[in-house]
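Open the model in your viewer and keep the selection tool at hand. We will go stop by stop.

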Amino acid sequence: MENFRGLSVLIFLTLAVFTTARPKAGPNQKCKSGPVDLVFLIDSSRSVRPHEFETMRKFLIDILNTLDIGLDTTRVGVVQYSSQVRSEFSLKTHSKLENMVKAINEIVPLAQGTMTGLAIRYLMNEAFSPGQGDRPKVPNVAVIVTDGRPQDRVAEVAAEARERGIEIYAVGVARADMTSLRAMASPPFEDHVFLVERFDLIYQFGLQFQDKLCGIDLCLESDHGCEHLCESLPGSYTCLCLPGYRLNADGKTCSAIDLCAERKNDCQQICISSPGSFTCDCNKGYHLNDDKKTCSPIDLCAEGKHGCEQVCVYMGPGIFTCDCHEGYRLNVDEKTCSPIDLCAEGKHGCEQVCVYMGPGIFTCDCSEGYRLNQDKKTCSPIDLCAEGKHGCEQVCVYMGPGIFTCDCNVGYRLNEDKKTCSPIDLCAEGKHDCEQVCVNMGPGIFTCDCNKGYRLNEDEKSCSAIDLCAEGKHDCEQICISAPGVFTCDCNKGFKLNRDKRTCTNMDMCNTVTHGCDYQCVNTPGSYHCICPEGQLLQDDGKTCGTCKTANIDLVLLIDGSKSVRPQNFELVKKFVNQVVDSLDVSAHGTRVGLVQYSSRVRTEFPLNMYHTAEDIKAAVMKVDYMEKGTMTGLALKHMLEYSFSEAEGARPASRNIPRIGLVFTDGRSQDDISEYAKKAKEAGITMYAVGVGKAVEDELREIASDPVEKHFYYTTDFSAINTIADNLKLNVCPAESQGEVEVKDPCACENLVEFQQATMNSLDQFTQKLASMAARLEQLENQLLSRK
């Protein structure tokens, strides 16, 4: 509490000094110190009591009231500190006094320790930085007010601040440490260090701070009223005038000294006054002599100071006019000359062409095709055709004055020399539109004709063949073969033309041609056909005989190559494929076979168009490598539909109606969906067969198989039984036996029953042998245990 009693007195006396030390200033007189960046660093440690802080707050506001606040004059920032530092407002925050006062009234004390060194570093690095509003080349002034000893080091950081140009005032209150104050402040210490213990020191701080920031210059700060110059004196001033002026009786305003008006000059013609001086000049047309007082007349023509391009005419002192030589006229600038072009100006009287011959001179001429008349101005057109000056062989065409072109009579054309003519042969040039024969009738004239055996049509251009056969103008017994205007005779099949080339005789073709019948050739009128013995059928070639007639199909087999098949069973699958091939009539024009293997991926082993014999296909099948992975049956069906039955891989066009058959062989459940492409395959007209072995799923086989389903799928539990499937699959081999369907043997038939019983007996024998072996082993172990006891 006692610490800030002294501070209150300091604030009061400082304000008193600020107001009484300004002579001739009104109650609102502001400190005219020039641009200054001023920051107050105030101690708000816990030793400062609330009412003491309020005294400090009023102290700051009272000082601000004496300053000329503005962004271009005095900028003020306020920072409070204790154990931390907080900027209340920076140099750039406020440009008006009322805003600063409001911000000071809102300051809340920190009430902690006394870290003065930390505060000075903030002052140096932040408060006086360009970002906070510090201006270049403007003095930096800091006023530090503290009531106690710093709790950190201040000497080094204060020295660094001073080296950066910050002028520091250190004001201590009550028990403030003088050594710390001197360590902070700028030298000389007697002007910058203040310890508020006695009233006279408070007075000295206020007086010196005022003198530093607000020294009074009555010429600058008072309304002195001097018109030109104000000279400051101690506590007073005097008015002065600029050179050439004299001070008036009022002691403030000035009047120019006019030596011309006072006749204090010796100029011959003109006196030009300036304050306290004069210069001489001359009237227009005269120039000032070397004595700078007398004048002489100016002859600009004689002196060559005229700028005339051709002729200068003297008109009096300093006056001239320009003129031009004959044939030239003066330009608008009244100095340069331009040649007179009477042709360009239309001042010539020539009818057609005016020829410029020089400045003011011309002659007349005529345009091409005209000649100049005797008056040397008008022109007449030249008609070279009428004058016979053309050289044309046949026709001269007048094209205009002095212009002609040659032409030819009808049926002739102009030669390259553009003068002579040649007759036109339209036939030879192919410019006739006759279909066959063009007959030249003279220059540019033709008529059409036809070749032998043709007659000219009514359009007299095209020709039609004379068809003697169609017109009945022949004597052939059976066939008339026409050619334009002629004919030849021929006979129907099975007949031969006689020597008269008109009549025909029947032939025995079975005896006269190599018929190739496998069994017997039978004659028909003009032809023959082959027949077979009873019990055999004529094959597709119409010559050979067989027990059944082979149907042509495109067959693609999809075989499962997954890991569950096992290598030894895969060999059985390949034999199964070859048994199927053995039942087919394989050829390029008969049955075509393609093979696709699938597991986790799909691989075309060979397409439909690769092999054309059963032997080649069977050899290729036996070379197929086992893939040994997953079971992606759906992916295989997609591959078959999109690639295997494409024409690019050998499938014959759908327009030929050759059956397309797909056979799927699998031993297990598919790892992907089969529904979509099983359905699409059947919708595409492919007859689908499904063969399953072992763990194959019957529902999937049925979904793959075509209708009726019972006739298009087969299942067995053992790979060794798949040869039975091959026997039962009659894929359009012999329609009399299967009608293109799968012949499924009755599982209760004797042959199948015997096979089943045999397989069962074999399994029982193997099981009995295993039991006997296990019993013998148990007996051996029992004997070993007894011997050990």
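**Stop 1: a hairpin**

Select strands E23 and E24: they form a hairpin with two residues between them. In the turn, Gly402 has a positive phi of about 75 degrees. Helices (H or I, at least four residues) and strands (E, at least two) are DSSP runs, numbered from the N terminus. This is a predicted model, where local features need pLDDT of at least 70 and side-chain atom pairs count only at pLDDT 80 or more, while totals for chains, interfaces and linings use all residues. Residues are numbered from 1 along each chain as its sequence is written, and side-chain values use heavy atoms, with hydrogens and water left out.

Now colour residues 395–400, which are E23, and residues 403–407, which are E24. The two strands run antiparallel and are joined by five bridges. Two strands pair if DSSP finds at least two bridges between them. Click on Val395 and look across: Asp407 in E24 stands opposite.

**Stop 2: the whole protein**

Zoom out. The protein has 18 helices and 44 strands. Of its 789 residues, 39% are buried. Buried means under 20% relative accessible area, exposed over 50%, and partly exposed in between (1.4 Å probe, protein chains only).

The accessible surface comes to about 44000 Å², and carbon and sulfur atoms hold 52% of that. Accessible areas come from the Shrake-Rupley method with a 1.4 Å probe; for residues, only the protein chains shown count as cover.

Think about contacts too (heavy atoms within 4.5 Å). Among contacts with a separation of 6 or more, 51% are between residues 24 or more positions apart.

**Stop 3: an open sheet**

Select strands E1 to E6. In what order do the six strands of this open sheet lie? The order is E3-E2-E1-E4-E5-E6, and the pairing is mixed. Find the edge strands, E3 (85–89) and E6 (193–196). Each of them pairs on one side only. On average, neighbouring strands of this sheet are turned by 20 degrees against each other, direction ignored.

Strands of a sheet pair through backbone hydrogen bonds, either parallel or antiparallel. Pick E1 (residues 36–43) and E4 (residues 140–146): this pair runs parallel, with six bridges. Click on Phe40; its bridge partner in E4 is Val143.

**Stop 4: two helices**

Select helix H2 (residues 50–64) and helix H3 (residues 97–105). Their axes are 10 Å apart, and they pack at an angle of about 175 degrees. H2 is therefore roughly antiparallel to H3. Axes are lines fitted to C-alpha atoms, for helices over the stretch in contact, and angles run from 0 to 180 degrees between N-to-C directions. Angles under 35 degrees count as roughly parallel, over 145 as roughly antiparallel, 65 to 115 as roughly perpendicular and the rest as oblique.

Show the side chains at the contact. H2 brings Arg57, Leu60, Ile61 and Leu64. H3 brings Leu97, Met100, Val101, Ile104 and Asn105.

**Stop 5: disulfides**

Show the cysteines. The structure holds 22 disulfides (pairs of cysteine sulfur atoms within 2.5 Å). A disulfide is a covalent bond between the sulfur atoms of two cysteines.

Begin with Cys282 and Cys295, whose sulfur atoms are 1.9 Å apart. Why is this disulfide left-handed? It is left-handed because the torsion about the S-S bond of Cys282 and Cys295 is about -90 degrees. Cys282 sits in the loop between strand E12 (277–281) and strand E13 (286–288), and Cys295 in strand E14 (residues 295–297), so the link ties together parts 13 residues apart in sequence. Both Cys282 and Cys295 are buried.

Move on to Cys366 and Cys379, also joined by a disulfide (S to S 1.9 Å). This link is left-handed, with -95 degrees about the S-S bond. Cys366 lies in the loop between strand E20 (361–365) and strand E21 (370–372), while Cys379 is in strand E22 (residues 379–381). Are Cys366 and Cys379 buried or exposed? Both are buried.

**Stop 6: Arg455**

Last, select Arg455 in strand E29 (residues 454–456). Arg455 counts as partly exposed because its relative accessibility is 39%. Leaving out residues up to four places away in sequence, Arg455 touches Cys450, Ser462, Cys463, Ser464, Ile466 and Glu471.
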